[in-house]
Structures are given as structure tokens and as C-alpha cells.
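Hi everyone, thanks for making time for this one.

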Amino acid sequence: MRGRRGARQSALMCALAAVLLAGGADTALAAQRDSPITVRRSAQGIPHISAKDYEGAGYGYGYSFAQDNICVIADAYVTVRGERSRFFGPGEGYVFRGNGASVNNLNSDFFFKRIIDTGTIEKLLDQPPPSGPRPEVRELVRGYVAGYNEYLRATGFDKLPDPTCRGKPWVREIEEIDAYRRFYQLALLASGGVGINGIGSAQPPTPPLTGGTGVPLGALSREFIEQFPLGGIGSNAVGLGREATGNGRGMLLGNPHFPWDGSERFYQAHLTVPGKLDVSGGSLYGVPLVLIGHTEGLAWSHTVSTAFRFTPFELKLVPGSPTTYLVDGQPREMKRDVVTVKVPGPDGRLEDRTRTLYSSEYGPMFTELLGQNLFPWTSAQAYSMGDANAANFRYLNHFLENNLAQTVREYDAVHRRNQGIPWVNSIAADSKGEAYYADLSVVPNVTNAKAEQCNTALGRGTYQLLRLPVLDGARSECNWGRDEDAIQPGTFGPKNLPSLFRNDYVTNSNDSYWLSNPAQPLEGFARIIGDERTARAPRTRLGLRIVQQRLDGSDGLSGRRFTLQQLQDAIFNNRQYLGELWRDELVAMCNEMAATSADVAEACPALAAWNLRDDLDSRGAILFRRFAGRALGAQGGPYDTPFSADDPVNTPRGLDTNKPDVRKALTDAIADLRGAKIPLDAPLRGFQYEKRGEERIPIHGGPGTVGVFNAINVPFVASEGYPNVPHGSSFVQAVSFTDGCPQARTIMTYSQSSNPESPYFADQTRMYADKRWVTVPFCEEEIRRDPGLTTTVLREPAGGPVPNGNGARCLPRSLRIGGSGVGALRVGLKRGQLQKRVKGPSAVHGRRTLRYCVTRGGRVVVVLDRSKRAQLVATTARRHRLRRVGAGTPLRTVRRAYPGLRRVARGVYRAGPSSRVVFGVRRGRVRYVAVADRRLSGRPGALRGALRRARV
């Protein structure tokens with residue numbers, strides 16, 4: 001046995017040495033492990049992570065991601081812990097980039113702290129799949145947290161490479177629950193996330209208000225209406241089937257338009273667990289699953305769906321009691337949650353700030369959405385948010401199974417089995433040559449009939465203007481309906497949601513499902529999901545035109561099917577669709593106006609010479625953009641040919657040059673540029689750019705609202721032009737299936753790392769400026785051939801504490817718990833003896849405690865008495881077990897393992913009447929296992945005191 005084991009280890013070390021030499025290893029952490037976690041970075045820092053199990057893959061992902069983006073995600077964890085006021089001040093705020101909401105820190109803390117106090121996430125985690133996470137998801141998360149924490153320990157908080165958060169007190173190790181809190185924040189992005197201010201600050205009126213004080217609907221801006229509820233983020237995606245590709249296999253173009261700043265960005269990685277998982281693509285920060293990308297046989301992307309994820313319920317209040325509401329004539333008291341957060345006082349010391357938040361049976365009370373106070377709480381009525389994604393952790397299982405799928409038929413089954421997509425459409429293609437579209441997402445079950453019958457007076461206005469019903473909460477019949485095939489009560493089941501298989505193509509650019517393929521319109525669905533037989537946005541129409549012109553051969557290129565390069569060019573050709581529709585009529589109008597206005601004359605040749613694109617050197621592009629943005633707001637619309645449902649791709653069209661608003665749009669655009677000292681024929685180069693340190697990187701592309709497929713949405717700054725992209729094209733991918741490895745071309749427009757000291761901070765942004773793509777290797781032989789490959793081996797210990805690179809030593813993930821302690825850490829030993837047994841310093845010391853990190857997550861804490869002798873040893877590591885009981889074990893399992901189990905305090909159980917083993921239990925699961933000194937274990941008060949010092 002020893003000989004064989006030694007031979008295996010020798011072979012492993014030889015193989016590992018070969019990998020390190022071939023790949024140019026830059027790091028190898030820790031000691032012996034039979035199967036190391038390997039992180040190979042190809043060009044532009046994209047990590048290819050390989051491990052023997054899901055936990056190892058998560059570990060490699062967490063470590064790599066923390067290397068690249070620790071400061072941004074650490075800030076997000078402060079948010080979901082409800083600690084922004086503590087570290088950044090209660091009067092300050094932040095922008096939730098995913099939906100554009102500007103949020104006050106104190107309101108945010110109350111919002112997230114209530115989620116924590118009520119155990120919302122723990123309750124979701126306790127459910128069996130598909131409602132709760134599958135074991136593989138839990139393993140990925142466990143590994144991710146451990147890898148993230150190991151990076152912090154190995155680097156040192158005061159030595160983090162990113163100066164943004166180096167040595168900051170808000171950068172801390174995380175626990176698994178923090179990762180799930182981040183997942184929940186993302187699930188709520190299009191529902192509760194747009195009402196964080198309105199939910200976190202909602203209070204009954206004092207003194208009672210008798211009339212409405214909300215913003216009238218007529219005062220809402222066109223911009224708000226167009227961008228509600230997700231602040232204008234969007235995407236394009238095209239799935240091509242066998243009839244549209246040169247080789248008869250599928251192709252996919254994914255072009256999400258997401259923020260370039262903050263935590264709602266994508267991180268690109270390739271995850272491999274041999275024989276189980278092999279997937280490459282992008283994930284939102286903090287999610288160790290690929291959310292858009294490809295496997296060996298399936299490629300997919302997402303676009304923001306038009307469906308609503310919430311509905312307001314209008315409550316009729318009992319006179320004189322603004323927290324009592326009526327349902328079917330019967331009074332019901334609102335639920336009160338008293339929430340306390342920590343806030344710096346005048347002397348800098350932390351003090352408690354308390355607020356009572358309210359909710360009805362429909363959901364939390366709220367007053368505003370995205371800064372608009374549409375829902376005032378008066379003495380007569382109040383509003384409660386019904387949030388369909390508040391019960392949705394199914395999306396984690398969806399993406400895990402998605403990461404395993406190989407065909408669009410399997411992908412469709414994943415949708416129907418989990419019903420967890422929170423707020424996006426799905427577009428996919430597979431190696432068999434089939435394309436797929438679906439909006440099988442989480443949508444409140446509000447049929448058109450129910451909206452008609454149950455809308456309140458306010459709801460009739462919002463339904464007409466925004467498609468958002470406001471339901472009558474005074475009638476139980478107005479609550480959401482139930483479909484037999486829906487997993488979650490109150491949501492639509494798959495039979496009442498749109499989906500489509502095609503052999504030619506499907507596409508979506510953030511309009512509704514209706515024209516995913518004009519040859520097969522999807523109709524007959526509830527209006528809360530999307531509109532039908534209405535005008536499509538210019539970007540949607542251009543996307544359809546690009547595909548149709550390629551397939552009918554009218555785009556000037558050879559053939560009538562797509563090659564991979566042509567698919568790539570479809571996104572970066574920067575065609576400007578409104579320019580194609582309007583330019584000639586605009587030039588004619590300009591020449592006419594120039595006859596009587598010298599101010600206009602200079603603009604006409606600039607517009608006439610413009611090449612109808614938003615390329616860096618397209619002269620006149622800025623002038624047309626400033627005109628088109630204003631012209632779209634013309635009263636009655638700017639078109640001279642109206643929309644026709646019989647020709648929805650090509651109508652409306654033409655420019656009504658007789659409208660005063662259209663003419664004024666041109667003179668105002670000219671004044672804009674002259675006021676900013678920008679030439680009327682100026683190209684984008686020099687005026688649209690992204691700053692990376694002192695470097696200005698020119699950015700091509702333009703506003704999706706005026707019909708640029710490569711949407712770059714930058715506000716105009718009078719003195720500068722278009723500086724610094726807030727959101728637009730982000731993780732762009734073009735994937736083609738072949739007889740061998742899938743071929744992927746990608747570009748992360750804002751680059752892979754948010755750390756200004758990283759080599760991956762601006763490299764892909766420069767590539768994007770030059771319209772260059774990254775060829776991402778997928779098959780093993782391709783990865784090995786990558787000329788810039790570097791390799792990092794993350795290895796866990798086979799036994800004994802392991803140096804973590806910062807002077808601390810982590811205990812192994814598997815240790816035996818005995819009747820006297822955990823591993824070598826025994827009750828009764830003195831501090832010096834303990835430190836000799838476990839050589840080197842622990843992760844954190846206190847006067848009465850020793851704290852040790854554990855590889856892949858958890859900690860061991862030793863509590864000392866006044867004579868510095870160990871009186872309690874506790875562990876939160878899942879694999880530190882006694883009779884198969886450890887952290888995470890259900891209480892019912894503990895009872896079976898220990899028939900003499902007895903409760904000695906709230907949440908504290910003793911294994912038997914005379915046992916020294918103690919279990920901490922919360923919400924039905926073990927949180928820690930502890931071994932206590934006999935004098936301590938028999939005295940509940942003293943035991944509780946020691947456990948408080950342990951902080952487990």
C-alpha cells in the first residue's frame with residue numbers, strides 16, 4: 001500500500017512539475033494534495049479552472065476572482081450585510097448599477113438587515129431542490145467562499161494590490177451566507193431592488209395624510225418611461241440554426257449591455273470538473289456559475305426581458321389606524337419588523353439606529369420606485385410590493401443545470417424543471433443546428449382579465465403608460481393567480497410563457513417576445529409579460545435587418561449564410577439605424593433651413609458626408625446623435641410613415657420634416673456642439689472615451705435608443721463630449737460549433753480586472769477600441785498551446801496546518817473531533833502548549849481566544865479561562881464531524897445520532913446528560929460543534945458566556 005501510494009505521489013509530482021514548467025507557474029500554495037486545483041490563465045487573464053469536484057472548482061474561482069476584483073465585490077458584501085452606514089456613513093449613498101437606482105446607505109441597511117433578521121435566505125436554503133440549492137451548488141459556494149478567504153489571508157489585508165480598498169476595515173473574510181445574500185440581491189434586481197429606498201424608508205404618515213402626495217403620472221419623463229424598471233440596461237442576442245450558418249451547425253452572438261462600473265459586471269472564466277462540468281463564459285460578480293457562455297454543445301446568452309417581476313397592491317386602510325388594512329371587509333394588521341443597524345455617532349463610536357418596517361400579506365410596504373414617489377402612504381391607502389422573485393433561489397439550480405446542458409432541447413427542459421430565470425430572456429443555439437428563444441422567467445400571474453378587473457384608479461394609469469398593474473389589495477380575488485404547471489404559487493407556468501424553436505434564427509434586443517422571428521410571431525400572452533403588435537425599437541429592427549439581409553444576400557457580402565467572422569462583424573459594424581432611415585431627408589431639410597439660417601449651413605455637408613456609422617472616425621456621427629435623441633421626443637413622433645403590424649420590421653420610417661419639433665431638434669443639436677466647442681463634423685475619436693488612469697481609450701459604438709446595435713450609452717457632457725461609459729456592450733461573445741472544439745471569440749469591453757494595478761485592467765478595453773477579439777481556448781489541447789499561458793496550483797493540505805502566505809496557518813478541512821477537542825487543540829491545555837502543538841501563529845488571536853482558519857472555509861476557536869487554559873474548543877468547519885455530525889447537519893439527524901440530546905439554552909444542545917460535546921443550532925441546522933471543559937458544560941450560564949467569546 002505504501003509503495004503504491006508513494007509511486008502515485010511521485011508520478012503526481014512529476015506531472016505537476018511538467019505543468020508548472022510548461023505553463024510558467026507563478027504561484028503554488030501549500031502542501032501535499034492528491035488532486036490540486038489548477039488555475040491556468042490564458043490571454044487577457046481568463047482563468048481556466050480545473051478541479052476534481054465542484055467544491056474545488058468553486059475554490060479556484062473564488063481565489064481567481066478575488067485576485068482580480070476584490071475591492072468591488074467586498075463593497076457589495078458590505079451592502080448585503082446591511083453595513084454601509086457603519087463604514088461609509090448613513091447620509092451617503094450608492095448607485096445600484098444593475099438597475100440604475102440611487103440608494104441612501106441607511107435605507108439600504110434597513111432593507112437588507114430586515115432580510116437578515118427575518119431569516120429570509122436561510123428559509124430558502126432549507127428548502128429541497130428545485131426551490132432550494134442542489135448539493136452541487138452548495139459545494140461550489142462552499143469552495144468559492146474558501147477560495148475568496150484564502151486569497152485574503154495569503155495576500156494580507158494591508159497588502160492588497162488594489163489601493164482602492166487596501167487596509168480598509170470593510171474588507172473582511174466572508175461566510176457562505178454572505179455569498180447567498182449577494183445571490184439574493186441579484187435575484188431582486190428587477191423587483192425589490194428598484195424599491196430599496198422606498199421599502200427601507202416606508203413609514204406610516206405622521207401626522208396622517210388625507211390626500212395623495214405622489215408624483216402624477218403625467219410628470220414622468222420619457223426617459224423614465226423608456227427605461228423603467230431596469231434603468232436602461234439591456235442586450236442583444238442572436239441564435240442561428242442550421243439554415244443560417246455556413247457549416248449547418250449552430251452559432252450564437254451574445255451582446256449584453258450592462259454596467260461598466262460597480263458589481264453588476266461580468267467576470268469571464270472556464271470551469272472544469274472532469275467527467276461532470278466543462279463550461280466557459282461570463283458571470284456576474286460573486287456568482288461562481290457561468291451565466292452566459294457555452295459548453296461543448298450549447299451556447300446561450302440573455303437579454304433583459306420586458307416582463308414585470310412585481311406588482312404594487314393598493315391597500316385600503318382602516319380610518320385612524322394607518323397600519324391596519326382591509327381584505328374582503330375584514331381588518332388585518334400589518335406585520336412589524338423592528339430593525340436595528342449600526343451607525344457612527346458624533347464621537348465616531350458606533351450606536352444603534354432602529355426603524356420599524358411594515359409588510360402586508362402581499363409583501364413589504366413601499367412608497368417609491370427609482371426615485372419616483374408614485375405610491376404615497378396616506379391615512380386612506382398604502383402600497384405593498386408583491387415580489388415574484390422574493391421566493392426565487394431556483395435560478396441557482398437553473399444555471400448549474402444550464403452549465404451541464406448540451407442541446408437547446410435540454411436547455412428548454414432546464415427552464416421548465418426549475419422555472420427560476422429571474423429577469424431575462426434566453427437565446428441559444430446548439431451544435432446540432434437548432435436555435436431557441438424563451439421568456440420562461442419568473443412573472444407574477446396577472447392575466448389581462450385580472451388586470452382589467454382588479455386595477456385601481458392609479459393602476460389603470462400605470463397599466464396604460466408602463467404596462468404595470470396596481471392591484472386592489474382589498475379584494476382577495478385580486479391576488480395573483482395560480483397555474484397548474486407553476487412551481488411557485490402566484491407565477492405563470494411555462495404553458496403561459498413564450499418560447500420558440502427554429503432552424504433559421506431567433507433574436508431579441510429587449511423588446512418583447514413578439515418578433516423573436518417575424519416568420520413566427522409569438523402572440524396571445526399576458527400584457528404584463530410584454531406587448532404585441534406594437535412598434536419595435538430601432539435597435540430591435542436593426543438586429544432583425546442584419547440577420548435578414550445576410551440570409552437574403554442583400555448586405556453586399558458573398559453567400560447567404562453566416563460565417564463566424566460575419567457574425568462578429570454584425571455587432572461591431574456600428575450601423576446607425578435611424579441614420580439609415582432619416583439621413584437623406586434630414587440633409588434635405590438642413591439645406592432648406594440653411595437658405596434662411598447661416599447657423600445651420602455648416603451642418604449640412606457634415607451630415608451629408610457622414611457614413612451612417614458610429615465608428616471612431618465617422619465624421620458627423622456626434623451631430624446626428626444629438627439630433628436623433630431630440631427628434632425621438634417630437635410630439636406625435638418624428639416619423640412620416642406610421643407603424644404597421646403588417647410590416648413591423650420596416651415601420652415606422654421616414655422623417656416628418658414639417659414638424660416644428662424635428663426642425664428644432666436640428667438647431668438644438670448644432671447649438672449643443674458649438675457650446676461644447678466640438679466641430680460639427682467631429683468624429684467620435686477624441687470625444688467618446690473611457691479613462692483608465694491617465695489614459696483615454698477611444699470607444700466606438702453609440703446609443704441603442706437611436707438604433708446602434710453595439711450600444712454604448714454615454715451621457716453628453718457639454719465641456720467634454722462623451723466621457724466614461726456607464727453601461728453598454730460588456731461581455732460580447734460569438735460562438736460557432738464545428739466538428740471539433742467550439743470556436744469562441746469574446747471581448748470584455750471594460751477588461752477582466754477592476755484593479756488599476758492589474759495587467760488586466762485595460763488590455764481588453766484597448767482591444768475593443770481596435771475592434772479586436774480574444775480567441776478563447778476551450779479544449780485541452782487549445783489551452784496548452786496558448787503562448788501566454790500561466791499556471792497557478794492551489795493545493796489543500798493532506799494533514800496539519802498549512803501556511804497561507806500571510807504568516808497564518810489554516811487547519812485542514814478534515815479533522816477528528818474527540819471527547820477532549822478538535823484535532824490537536826484540546827481542552828485543558830495551556831496557551832503555550834496549544835501553540836506548540838499547532839506551530840506558528842493562528843489566523844487571529846485575542847487575549848482569551850485563539851482563532852484558526854480552516855482550509856476551504858470555517859474556523860476553529862479556542863476559548864481560554866483566566867489561567868490561560870483551554871476551556872472550550874469550537875469548530876464551524878463542515879468536515880470536522882463527530883458521529884457524522886458537523887456544521888450544516890439537520891437537527892433531526894443529530895437527534896438520531898445522539899438519543900440523549902438535551903437542550904441547555906436557546907440554540908444550544910448537549911450531546912448527553914454528562915457529555916462535554918455541545919451543538920449550536922439555528923433554524924434547524926447545526927452551526928458549530930464544541931467540546932467544553934466538564935465544569936463549563938454543566939453550567940449553562942458559563943457555557944453561554946464562553947460561546948459568546950468564541951463568536952461562533
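So, confidence to begin with: the protein averages a pLDDT of 91, and 93% of the residues score at least 70. For the record, pLDDT is the predictor's confidence in each residue, from 0 to 100. Over residues 1-34 the pLDDT is below 50, and beyond near neighbours in sequence that stretch has 44 contacts in the model, where contact means heavy atoms within 4.5 Å. Residues 797-808 are also below 50, with 35 contacts beyond near neighbours in sequence. Where pLDDT is low, the predicted coordinates should not be read in detail.

Some housekeeping: this is a predicted model, in which local features need pLDDT of at least 70 and side-chain atom pairs count only at pLDDT 80 or more, while totals for chains, interfaces and linings use all residues. Residues are numbered from 1 along each chain as its sequence is written, and side-chain values use heavy atoms, with hydrogens and water left out.

On to the sheets. Helices (H or I, at least four residues) and strands (E, at least two) are DSSP runs, numbered from the N terminus, and two strands pair if DSSP finds at least two bridges between them.

β24 (residues 688-692) pairs with β27 in the parallel sense over two bridges, and Q688 stands opposite Y722 in β27.

A cavity is a set of points, on a 1 Å grid over the protein atoms alone, where a 1.4 Å probe fits but cannot get out; lining residues have an atom within 4 Å of a point. Grid points are joined across faces, edges and corners, and a volume is the space filled by probe spheres set on the points. How many cavities of 30 Å³ or more does this rule give? The count is seven. The largest cavity holds about 210 Å³. Its lining has 18 residues, with L284, L291, F399, W423 and V424 lying nearest the centre. β11 (298-304) is among the elements supplying at least two lining residues, and β11 gives the most, with three. The lining divides into 15 nonpolar, three polar and no charged residues; Ala, Val, Leu, Ile, Met, Phe, Trp, Tyr, Cys and Pro count as nonpolar, Asp, Glu, Lys and Arg as charged, and the others, Gly among them, as polar.

Last, the backbone. Most residues other than glycine have a negative phi, and most peptide bonds are trans. The bond from P129 to P130 is cis, with omega near 10 degrees, and P130 lies in the loop between α5 (120-125) and α6 (135-155). T651 and P652 are also joined by a cis peptide bond, with omega about 0 degrees. D328 has a positive phi, near 55 degrees, in the loop between β13 (321-327) and β14 (330-333).

Technical notes: 1 Å grid on protein atoms, 1.4 Å probe; cavity = no way out; pocket = protein on both sides within 12 Å on 5 of 7 lines; lining within 4 Å.
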